[in-house]
Amino acid sequence: MGREIVIPGDLLSNDRRKAGEGTYVERGKVYASIYGILDKRDKIRVIPLAGRYIPSPGDVVIGNIIEVGFAFWKVEINSPYEGVLNVTEVNRKIDLNKIDEFLNVGDMIIGRVKKIDPAMRVELTLKGEKFFGKIKDGRVIEIAHTRVPRVIGRGGSMISLLKKETGCSIYVGQNGRIWIKGDENSMDILASAIALIEREAHTIGLTEKVEALIKSEKEKLRGGESATKA
Amino acid sequence: MNDKIIAEIRKDYIYNLARRGERIDGRRADEYRDIKIKTDVIQKAEGSAEVMIGNTRVLVGVKMQPGEPFSDTPNMGIIITNVEQVPLASPSFEPGPPDENAIELARVVDRGIRESNAVDLESLCIKEGEEVWMIFIDVHVLDHDGNLTDASALGAIAALMTTKIPNERFGYGEDTPLKIQNIPIAVTTADFGTQIFVDPNLEEEHICSSKVTMIFGSSGEFAGIQKTGSGRLNVEKIYNIVEISSKKAEELREKLLGVIGNGDKKEKGI
Amino acid sequence: MLQKPERLIVDGKRLDGRAFDELRPVKIVVGPLHRADGSCYIEHGKNKVMAAVYGPREVHPKHLQEVTHAIVRYRYNMAPFSVEDRKRPGPDRRSIEISKVSREALESVILKEYFPRSTIDIFVEILQADAGTRVAALNAASVALADAGIPMKGLVSACSVGKVDDTLVLDLSKEEDNYGQADMPVAIVANTGEIAFLQMDGHMTQEEFRKALEMAIDGCKQIYKLQREALLAKYGGLENE
């Protein structure tokens, strides 16, 4: 699989209907607007190699509460834009006088981007999935958001592998934050596997590398256990 | 181009007019607003000029005093150009140190004077390495209705052409006229896509994609160029701007000489 | 201190041996800085320039926010030790003007409307100055923007052309800059050839201006190739695997 890198201004196609993400159209032609990897499989798009996370409706995100308002919370979501979570977007009744009892500054949440207005004001919701809400256990790992698709893998292949091999549950925020839950040893292994994916995201044979890493980490662990027992 | 918010509908209107070669104030594309030049308007200054281009109005004063030369040019006089965009000239001007627009404007005016060798700096040497004449050109914007650059540049050279070196005040004998050896003229154009307009007024300045100021010396040679604004221009357009601007520069020069008289007369005085 | 040479062109060659249309050696490194969202280091002749891009990020102070697009800020700054006589730290009039027109050149390609209410901050430090710092700074800034993943219509590529001993030459050296007759920095957007930046100091005829502009554009295209190569090289391992 050849991976062609393109830079802003590169002519990608003469067919404007093929313009996808990371491109722009001028005089009927499609050009790259960002520095990234060219993907021609369906539409022509450029997969970014860098850049801040820009929220999009429907994204699952993990954020930090940074302000408690009268009937809302402000949430930092690893983006130039902060999210706003209204009390009405929470799956329970909130006493407006004690809003900080449910979520307070410093708490972490996982939720969804509900809607975004043209001025990029971002509304979040905690409704819609069972695992949405305040994060109370496990760990949150942060990676470059551009690497998130590699952690998920094509058709979810990578994330299935990670879940199966480590026994952890994994919730991926599109904003580059990943919530993992499991026993401490498994979370250690999973964290190093995710670090490997981030580091080598754009190399070939990633799945094999991840499998090999998990295997050797598990062996080390077993070796360590038997050593302590002995 | 600037901080002022102009409704999209107004922009569209002006661009649509431009496509037909028309302007909001009814001028032709290559037509300046009325230009008025008055010199010797401030008696306390060594030289001065007031320039109006339409409603735009600037006052330029030249002051001179002896000072120490720069170490790398011990036998040359010094020119210092400053622009003050005082708050009385526009609701968008604020008191305080000059902002990037005022600084850019001063530096473009200065560039024209300096690069055209309008003033013979060596003739301003009093004692090599110790004392030279310093020329302070101060542009005071009084009314901002666009194209401050051309008005300021015109005012600066007009003021210089009427400047008398204040020898007497500093004990160097009689006052003598400042020798001017080249007359730089700045012409600013604004890009409206299909059209190039000279002398943009304030509203045109705000909505054009970019402006180019070209400065020409007396024999039609370039003495400086500045593109400003975030538009892009292709090479043909730039050549087109050169053609329009150099022609306009000649017209402005004639106008200036008509007001001040021929520069040659000045030289005889020295 | 440099002494003024008698002539800057001797036997049809420049003092440093370059041809009239030859650039000084240029080295471009993409992403040398860790904290910035994007960065670039350029050596252009003896110029050493570091550029960093932060953003899009929140605007402070907030009243500078624009509801429909990102604002772009550009700071060209010379280090005190970058020149022969120590430069007083902080912005002077020259650097304020350079920052303004350089920002406008980059604004002509940045797709600002993608990021309402945010800022894209570009910081360029001139670590060593040796003529042509503003074009080297723009070249570095442009690559740093790409490295930061900022969407743009194309890279901005800059180069200067000047006149010395009545001859037009590309990419002035320090001596040529000090004692030459004109200096004209130009930047283009390589894929369309449109001009995004144009200044001229000095005097040249209209005929010379046309030729100078052509030479500058050729120089910009050479710079573009180097910028492009540097960006592709950062992830160069990928293509072959």
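The model is predicted: local features need pLDDT of at least 70, side-chain atom pairs count only at pLDDT 80 or more, and totals for chains, interfaces and linings use all residues. Residues are numbered from 1 along each chain as its sequence is written, while chains are lettered from A and ligands numbered from 1 in the order in which they are written. Chains A and B share no contact, and their closest C-alpha atoms are 14 Å apart.

**Interface of chains B and C**

- On this interface, 26 residues of chain C are in contact with 28 residues of chain B.
- Helix H1 (93–107), strand S11 (194–204) and helix H4 (206–234) of chain C each supply at least two residues of the side that touches chain B; helices (H or I, at least four residues) and strands (E, at least two) are DSSP runs, numbered from the N terminus.
- S11(C) gives the most to that side of chain C, with 11 residues.
- By residue class, the side of chain C that touches chain B has 11 nonpolar, 7 polar and 8 charged residues; Ala, Val, Leu, Ile, Met, Phe, Trp, Tyr, Cys and Pro count as nonpolar, Asp, Glu, Lys and Arg as charged, and the others, Gly among them, as polar.

- Strand S12 (residues 222–228) of chain B and S11(C) run antiparallel and are joined by 4 bridges; strands pair if DSSP finds at least two bridges between them.
- Phe222(B) has Met204(C) as its bridge partner in S11(C).
- The open sheet has 8 strands in the order S10(B)-S9(B)-S11(B)-S12(B)-S11(C)-S10(C)-S8(C)-S9(C), with antiparallel pairing.
- Its edge strands, each pairing on one side only, are S10 (196–198) of chain B and S9 (167–170) of chain C.
- Neighbouring strands of this sheet are turned by 20° against each other on average, direction ignored; axes are lines fitted to C-alpha atoms, for helices over the stretch in contact, and angles run from 0 to 180 degrees between N-to-C directions.
- Helix H2 (residues 100–115) of chain B lies across S9, S11 and S12 of chain B together with S11 of chain C, at about 165° to S12(B).
- H1(C) lies across S12 of chain B together with S8, S10 and S11 of chain C, at about 150° to S11(C).

**Nonpolar cores**

- The largest nonpolar core has 160 residues, and those touching the most other members include Ala51(C), Ala141(C) and Leu145(C); such a core is a set of buried Ala, Val, Leu, Ile, Met, Phe, Trp, Tyr and Cys residues joined through C-beta atoms within 7 Å.
- A second, separate core of 35 residues includes Ile109(A), Ile141(A), Met158(A) and Ile189(A).
- Beyond four places in sequence, Ala141(C) is in contact with Ala51(C), Tyr74(C), Leu106(C), Ile122(C) and Val124(C).

**Helix H3 of chain A**

- Met158(A), Leu162(A) and Thr166(A) are the buried residues of H3 (residues 157–166) of chain A; buried means 20 or more other C-beta atoms within 10 Å of the residue's own, exposed 12 or fewer, and partly exposed in between, with C-beta atoms placed from the backbone.
- Exposed Ser157(A) and Lys164(A) are on the face turned away from the buried side of H3(A).
- Gly167(A), with a positive phi near 70°, follows H3(A).

**Asp177(C)**

- Asp177(C) is in helix H3 (residues 174–179) of chain C and counts as partly exposed because it has 17 C-beta neighbours inside 10 Å.
- The C-alpha atoms of Asp177(C) and Asp130(C) are separated by 9.1 Å, with the residues 47 apart along the chain.

How values were computed. Two residues are in contact if their C-beta atoms, placed from the backbone, lie within 7 Å.
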